Amino acid sequence: MISLRKVWIVAERDIKMFLRYKFLLIMRAIWFISQIALFGLVVNHMFRVDVQAAVGGSYFNYYAAGIVITMLYSTTVFIGYDIYEEADHGVIEYLLSVPVSRKELVLGRSVGGGLRSFLYVGPMMLFVLYLIGVSNPLQLLVALLSLFLFTFGVAGFSITLAVSIKSSDRFDILMGVIDALIVRLSTTLYPIAYMPPYYRGIALINPLTFAADFFRWGAGLESAASVPPLLAALGIVAFFSIFTFLGVVLHERRLEGGGWQ
Amino acid sequence: MAVKPILTIVERDFKYFFRYKWWVAGMVSMNLADLFIMAIVYTRMVKPDVITDYFVFFAPGLTITALFAAAFMIGREINMEVRREISHYMLSLPVKRWELAIGRVLAGGLRGIIYMAPLLATTLGITYLYTGAFPAPLEFLTILAALFLVSLGTSGLSIALAVSTTSFEKYITARGVVYYLLFFCSTVFYPIGLIERALPQLTLLARYNPLSCGADLSRAFLLRSPPFSPYMLVDIALYALVFASLALFAYMKVTQK
C-alpha cells in the first residue's frame with residue numbers, strides 16, 4: 001500500500017533541494033531570456049508572411065510558448081543528474097535506509113521533479129502568457145493540468161534512464177542527444193506543416209509536440225496547434241503513464257547493488 | 001620552456017579525447033541534428049530575400065558550433081580534475097607549470113579542430129553541391145587558421161570557466177549561458193542585417209563577436225558572401241590571445257592552491 005504522505009515527504013525534499021541551487025536557477029533564467037530576447041526576436045524577422053499566419057499571427061509568440069515547454073522539459077530532466085550527485089556522495093544508500101518503500105520513493109521523486117520544474121518555470125510561463133494574452137482561462141487551466149502530468153512523465157523518463165545507465169557521463173551525453181532530437185523533431189520551434197514529410201511522423205508522436213500544442217491551445221493560439229487538443233491530452237497521459245510505470249519498476253530493480261559510475 | 005613536455009601533455013589530452021567515443025558520437029549527432037533537422041525546416045520558412053537558402057547559409061555556422069562543443073570538452077575534464085584533485089597528480093609530473101598550462105590550452109584548441117574536420121568536410125561538400133563554389137588553397141588555409149584560433153580561444157574560455165568553480169553542474173550551466181549569449185548574439189544562425197533590424201543596439205557586439213567573424217570568414221570563402229575583411233582575422237586572433245592567456249594564468253593559479 002502506497003502512503004501519499006510518504007510520497008509527499010520525498011517530493012518536498014526534492015523541491016527544497018532544488019531551491020537551494022540559486023546560481024543554477026539564475027543561470028537557467030538567463031538561458032530563457034537569451035532564447036526569447038535574442039534568438040526569438042531576430043528569427044521573428046526572418047520568416048515569410050504565410051509562416052507568421054500559420055503560427056497564429058506572430059512567430060515570436062509561437063516560439064515563446066514552445067520555449068516554455070523546452071524549459072519545462074530540460075528543468076525536469078535535472079532529476080536524473082540529482083540521482084548521480086546522490087550516488088557520488090553515497091546519499092542513495094541513505095535514501096534506501098529510510099522507512100519509505102521503493103515505490104513511494106520513485107513516485108515522490110517523479111512528483112517532486114515535476115512540481116519543482118513547474119515552480120521554477122512558472123514565472124517564465126506567466127510572462128509568456130502575458131505576452132500572448134490569454135483568451136480563455138478555463139482552457140488554460142486544463143492545459144496547465146496536463147502539463148503537470150507531462151512533467152511527471154519527463155521526471156519518470158529521466159529517472160528511468162539514470163537508473164538504467166548508471167554512468168553519469170553516458171547519461172549526460174545521451175540526454176544531450178535526446179534533447180537535440182526530441183526538441184528539433186517537435187513543434188516547439190516550428191509547425192509540422194513546414195517539416196519535410198520524413199520528419200512529420202516522428203513529430204506527431206513526440207511528447208514535446210503534445211505538450212507544446214496543448215499549451216498553445218490553452219493560451220489561445222489554437223490555430224497554431226498541429227495536433228487536436230484531445231489527441232494531445234491523450235498523448236500526454238500515455239507518456240506520463242508509461243514512464244511513471246517504467247520509472248517505478250526500474251527504480252525498484254536497479255537502485256540497489258551499486259555499480260554507479 | 002621546452003617544446004617536448006608541452007607536446008607530451010598535448011598527446012595525453014588527445015588520447016583522452018578519443019577515449020570518449022560516446023561523447024564524440026553524441027556531439028556529432030547533436031551538431032548534425034542542427035543542420036539536417038532545424039536548418040532544413042527553417043529553409044522552408046525563411047523569406048528568400050533575407051536568406052536564399054538557409055540550409056546552405058547555416059552550413060558554415062555548423063563548423064563553429066561543432067568547434068565550440070569540442071573545445072569546451074577540455075574544460076569539462078579540467079573541472080573534473082579540480083573536483084577530484086587529480087590536478088595534484090598533474091603537478092607531480094616532471095613538467096613545469098607553464099608547460100602544463102600551455103599544453104592543456106593547446107590540446108583543447110587542437111581537439112576542436114580535429115573534431116570539426118569531418119563537419120568542415122560536410123560543409124565543403126554542401127556548399128560545393130549547392131553553389132558550385134570551392135575555396136582556393138590559400139583561402140582554405142585561411143579558414144583552417146581562423147577556425148584553429150577560434151578553437152584556441154574557446155578552449156581558453158572553457159578552462160577559465162572550469163577552474164572558477166568546483167561544481168560540475170555550475171560549470172555545465174555556465175557553459176549553457178556562454179553558449180546562448182555568444183551564439184545568439186552572432187551571425188552563426190542569421191545574417192548581420194537581420195540583427196541590425198531586430199536588435200540594432202546589439203549590432204556592434206554581434207559584428208565583433210569572434211564567432212561571427214569565424215562564421216563570416218568561412219562564408220566569405222565558401223559562399224562568397226559576406227566579403228572577406230582582414231579585421232575578421234584580427235578579431236579572432238585577439239579573442240584567442242585574450243582567452244588563452246586568461247586560461248594559462250587561471251589554470252596555474254588553481255593548480256598552485
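Predicted model: local features only at pLDDT ≥ 70, side-chain atom pairs only at ≥ 80, totals over all residues.
## The end of H6 in chain A

Now look back along the helix itself. H6 of chain A covers residues 102–132, which is 31 residues, and at 1.5 Å a residue it should span 45 Å. The C-alpha atoms at its ends are 42 Å apart, so the two figures agree. The helix does have a kink, though: it bends by about 45° at Gly122(A), shortly before the proline Pro123(A).

## Two helices packing in chain B

Over in chain B, helix H7 (residues 137–162) packs with helix H8 (residues 168–184). Their axes are 10 Å apart and meet at an angle of about 140°. Because angles over 145 degrees are needed to count as roughly antiparallel, H7(B) is oblique to H8(B). The crossing of H7(B) past H8(B) is right-handed.

Who touches whom? From H7(B) come Leu157(B), Leu161(B) and Ala162(B), and they meet Tyr171(B), Ala174(B), Arg175(B) and Val178(B) of H8(B). Sorted by class, that contact has six nonpolar residues, one charged and no polar ones.

## Where the chains meet

Chain B puts 31 residues in contact with 33 residues of chain A. On the chain B side, the elements giving two or more residues are helix H2 (21–43), H8 and helix H9 (192–198). H2(B) supplies the largest share, with ten residues. As for the kinds of residue on that side of chain B, 22 are nonpolar, four polar and five charged.

Notes:
Residues numbered from 1 in each chain as written. Chains lettered and ligands numbered in written order. Helix = DSSP H or I, 4+ residues; strand = E, 2+ residues; numbered from the N terminus. Expected span 1.5 Å × (residues − 1). Bend = angle between axes of the 7 residues up to and from the residue. Axes fitted to C-alpha atoms, helices over the stretch in contact; angles between N-to-C directions. Parallel < 35°, antiparallel > 145°, perpendicular 65-115°, else oblique. Left-handed = near helix turned anticlockwise from the far one by under 90°. Contact = placed C-beta atoms within 7 Å. Nonpolar A, V, L, I, M, F, W, Y, C, P; charged D, E, K, R; others polar.
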